[in-house]
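Please look over this entry with me. My notes follow as numbered points.

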Amino acid sequence: MDGSVRASLDAPAGPPPYYRGNEGSLVSALKTLLFFTILMVTLPIGLYFTSKTYVFEGSMKMSSSDSYFYAAIVAVLAVHVVLALFVYVAWNEGTPKGKGKHD
């Protein structure tokens, strides 16, 4: 047999050695996505009804129509905060922990 053919036959079958590391990072990315998806659904809705009932109508004695408006603003701000946090976490997810140190 030729040397190149023999070398290709002796190579182990299966995924490359770095494959398992990618699988862990995929699970980590999916966990992050699931966490922020749940947060994106629950936080704005919860803040909307909580701020409408307890803050604007309860503490500040606003009318129902005014409290709808201001509670919607609170919910929109919550969506923007969650989205900004997701972008920040996703941006920094692949960077090494001690990238600033030179050992």
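Which helix holds Ser51? Ser51 is found in helix H2, residues 19-59.

1. Basis. This is a predicted model, where local features need pLDDT of at least 70, side-chain atom pairs count only at pLDDT 80 or more, and totals for chains, interfaces and linings use all residues. Residues are numbered from 1 along each chain as its sequence is written, and side-chain values use heavy atoms, with hydrogens and water left out.

2. Overall make-up. The chain has three helices and zero strands. Helices (H or I, at least four residues) and strands (E, at least two) are DSSP runs, numbered from the N terminus. The order is α-α-α from the N terminus on. Of the 103 residues, 12% are buried (buried means under 20% relative accessible area, exposed over 50%, partly exposed in between; 1.4 Å probe, protein chains only). The accessible surface is about 8400 Å², and carbon and sulfur atoms hold 68% of that (Shrake-Rupley method, 1.4 Å probe; for residues, only the protein chains shown count as cover).

3. Annotated spans. UniProt, in an unreviewed entry, places "transmembrane region" at residues 29-49 and 69-91. Its positions follow the numbering used here, feature names are shortened, and annotations may be inferred rather than shown by experiment. Residues 29-49 are 100% helix, with end C-alpha atoms 31 Å apart. Residues 69-91 are also 100% helix. Their end C-alpha atoms are 33 Å apart.

4. Ser51. Ser51 counts as buried, at 7% relative accessibility. Its side chain reaches the backbone oxygen of Leu47 at 2.7 Å. Ser51 also touches Phe56, Ala71 and Val74, leaving aside residues up to four places away in sequence (contact means heavy atoms within 4.5 Å). Across the chain, 56% of contacts with a separation of 6 or more join residues 24 or more positions apart.

5. Salt bridge. The structure holds one. Lys52 and Glu57 form it through their side chains, at 2.5 Å, N to O (a salt bridge is a side-chain nitrogen of Lys or Arg within 4 Å of a carboxyl oxygen of Asp or Glu). Side chains of opposite charge can pair when their charged atoms come close. Lys52 is buried at 10%, whereas Glu57 is partly exposed at 28%.

6. Surface patch. Phe69, Tyr70, Ile73 and Leu77 make a nonpolar patch of about 400 Å². Patches take residues with over 30% relative accessible area and no salt bridge: like charges are joined within 9 Å, nonpolar side chains (Val, Leu, Ile, Met, Phe, Trp, Tyr) within 5 Å. Ile73 lies in helix H3, residues 64-92. Ile73 is partly exposed, at 37%.

Note on methods: Polar contact = N/O pair within 3.5 Å; in protein donor to acceptor, adjacent residues only side chain to side chain.
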